[in-house]
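The following note sets out numbered remarks on the model shown below. It begins with a single residue and then widens to the whole chain.

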Amino acid sequence: MWETLILPWQACLDLVWESYCDDCYPIGAIITGPEGEILSRGRNHVYPQKLWTGPMPGVDLAHAEMEALNRLDYVGIDPHACTLYTSLEPCLMCMSAFYMSGLRTLYYAARDSYAGSVEILGKTWYLGRKQIQVHGPSLELETIVLGVVLEQEFRKYDGGHPYPGFFERYRQEVPQGVEFGRKLYELNLLEQLRRSGASAEEVFERLSELVPSETSRVNKI
């Protein structure tokens, strides 16, 4: 599975696993240039485990896409020719920052039924004037990526969630992602892989063996 992924998706999943191991929301983002070369990386730094008892000022802004966009060296490049890859559909803040950045192409692997905001495009005159191309979700990667995100939510709150209807929102749109997340939580597989020091490649190869066969093929976008 891993070897069939293009480099940006491999890099995104590396950052997803790095974030997960730091007890942050498991989301990774990559910016590539016109030849597909990686120009910038970002991973989520929101609320590592040591902060779960109470947030710190500014931590809410440390999203993967924001980090990738802020770390991009805009000097000497044409942002219109750059592409943002992100493992999860951008939230309102990240989608707005992407729109303002000058980048024109976005790929996301999994829908975010709770905070995803690609639908803001075209809602106002300004948000409809730029020629933005959005590709996603990846039917082949979505279940795996969302499963990791939701497994952490199940684990963090002992199988429940403090926000009423949180899992139900995802279940209405991506039921297979919710079921996969619960399966991973019940198996305690990700925690075992983390403790063993498994690499992102090893983790996602293992996860690809567990998803239903109709969603296990890798999207080569």
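This is a predicted model: local features need pLDDT of at least 70, side-chain atom pairs count only at pLDDT 80 or more; totals for chains, interfaces and linings use all residues.

1. Asparagine 188 counts as partly exposed, at 32% relative accessibility; buried means under 20% relative accessible area, exposed over 50%, and partly exposed in between (1.4 Å probe, protein chains only). The residue lies in the loop between α6 (175-187) and α7 (189-195), where helices (H or I, at least four residues) and strands (E, at least two) are DSSP runs numbered from the N terminus.

2. Residues are numbered from 1 along each chain as its sequence is written, and side-chain values use heavy atoms, with hydrogens and water left out.

3. Most residues other than glycine have a negative phi, and most peptide bonds are trans. Aspartate 158 also has a positive phi, near 55°. This aspartate is found in the loop between α4 and α5 (166-173) and is exposed, with a relative accessible area of 67%. A cis peptide bond, with omega about 0°, joins glycine 136 and proline 137. Proline 137 belongs to the loop between β5 (133-135) and α4 (142-156).

4. Serine 138 is found in that loop between β5 and α4 as well. Is serine 138 buried or exposed? At 0% relative accessibility, serine 138 counts as buried.

5. As to the overall fold, the chain comprises eight helices and five strands. Their order along the sequence is α-β-β-α-β-α-β-β-α-α-α-α-α. The radius of gyration is 17 Å, close to the 17 Å that the globule rule gives for 221 residues, so the chain is as compact as a globular protein of that length. That radius is taken over C-alpha atoms, and the rule is 2.2 Å times the number of residues to the power 0.38. The C-alpha trace spans about 45 × 40 × 30 Å along its principal axes.

6. Of the 221 residues, 54% count as buried. Among contacts (heavy atoms within 4.5 Å) with a separation of 6 or more, 66% come from residues 24 or more positions apart. The chain exposes about 10,500 Å², of which carbon and sulfur atoms supply 50%; the areas come from the Shrake-Rupley method with a 1.4 Å probe, and for residues only the protein chains shown count as cover.

7. Which strands pair with strand β3 (residues 83-88)? Two strands are taken to pair if DSSP finds at least two bridges between them. Strand β1 (residues 28-32) runs antiparallel to β3 and is joined to it by four bridges, with threonine 32 opposite threonine 83. Strand β4 (residues 105-110) pairs with β3 in the parallel sense over five bridges, and here threonine 83 stands opposite threonine 105. Six of the six residues of β3 are buried, so β3 is largely enclosed by the rest of the structure. For β4, too, six of the six residues are buried, so this strand is largely enclosed by the rest of the structure.

8. β1 also pairs with strand β2 (residues 38-43), in the antiparallel sense and over five bridges. Isoleucine 31 has serine 40 as its bridge partner in β2. The hairpin of β1 and β2 has five residues between the strands, and its glycine 36 takes a positive phi near 85°.

9. Finally, valine 16 is found in helix α1 (residues 7-21) and is buried, with a relative accessible area of 1%. Not counting residues up to four places away in sequence, valine 16 touches Pro26, Ile27, Gly28, Ser87, Val148 and Phe204. Valine 16 and serine 138 are 122 residues apart in sequence and 16 Å apart in space, C-alpha to C-alpha.
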